[in-house]
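Biologist: I would like to learn how to read salt bridges in a model. Where do we start?

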Amino acid sequence: MVRALLLVVMCVSSVGLAGLAVSADSISEKARKLHFSSIVVDTHDDTTQRFLDGKFDLGARSATGSIDIPRMREGNLSAIFFSIWMPSKITGPEAVNRALVQIDAVREQIRKHSNDVVLATTAAEIREARKQGKIAALMASRAGT
């Protein structure tokens, strides 16, 4: 009895899924349209560490890492949270100073690339950045573990 019931459920499920089946191309096109019409947010990026050496430029396509303005634009990235990160062994005033240096490095990249990136602190500012054709930069801080 249980076997027969499971067989019926599997058959009904298969028929239902087959009815929903759409070609891979049309699914990809639908997904592409949805993605490129949406506000897309990267909720965690550790690139701030790369800003500190002074050699990394967010505006140039980079052979290393995964974040730069050309790829953000190609991927329709609307906003990005730059993580202000500190190893857990660094505490107190040293941690605060290092965090401030990272924040300044993010702000410098924003100033340097003001035609492409703008600092945002609210959802409304993210929407406004998108209207202006810019990427909204946000900052999040956390202690390391």
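Modeller: Start with accessibility: a residue is buried under 20% relative accessible area, exposed over 50%, and partly exposed in between. In this predicted model, Glu108 has 39% relative accessibility and therefore counts as partly exposed.

Biologist: Which residue meets Glu108 in a salt bridge?

Modeller: A salt bridge needs a side-chain nitrogen of Lys or Arg within 4 Å of a carboxyl oxygen of Asp or Glu. The partner of Glu108 is Arg111, at 3.2 Å from N to O. Both residues belong to helix α5, three residues apart, which is about one turn of the helix. Arg111, at 53% relative accessibility, counts as exposed.

Biologist: How many salt bridges does this rule give?

Modeller: The count is seven. One of them pairs Lys112 with Asp57, with 3.6 Å between the closest N and O atoms. Lys112 is in helix α5 and Asp57 in the loop between α3 and α4, so this pair ties together parts that are 55 residues apart in sequence.

Biologist: What does Asp116 pair with?

Modeller: Asp116 forms a salt bridge with Arg73, the closest N and O atoms being 3.1 Å apart. Asp116 sits in the loop between α5 and β3, while Arg73 is in helix α4, so the pair links parts 43 residues apart in sequence. Asp116 is partly exposed at 22%, and Arg73 is partly exposed at 36%.

Note on methods. Residues numbered from 1 in each chain as written. Predicted model: local features only at pLDDT ≥ 70, side-chain atom pairs only at ≥ 80, totals over all residues. Heavy atoms only, no water. Helix = DSSP H or I, 4+ residues; strand = E, 2+ residues; numbered from the N terminus. Buried < 20%, exposed > 50% of the residue type's maximum accessible area, 1.4 Å probe, protein only.
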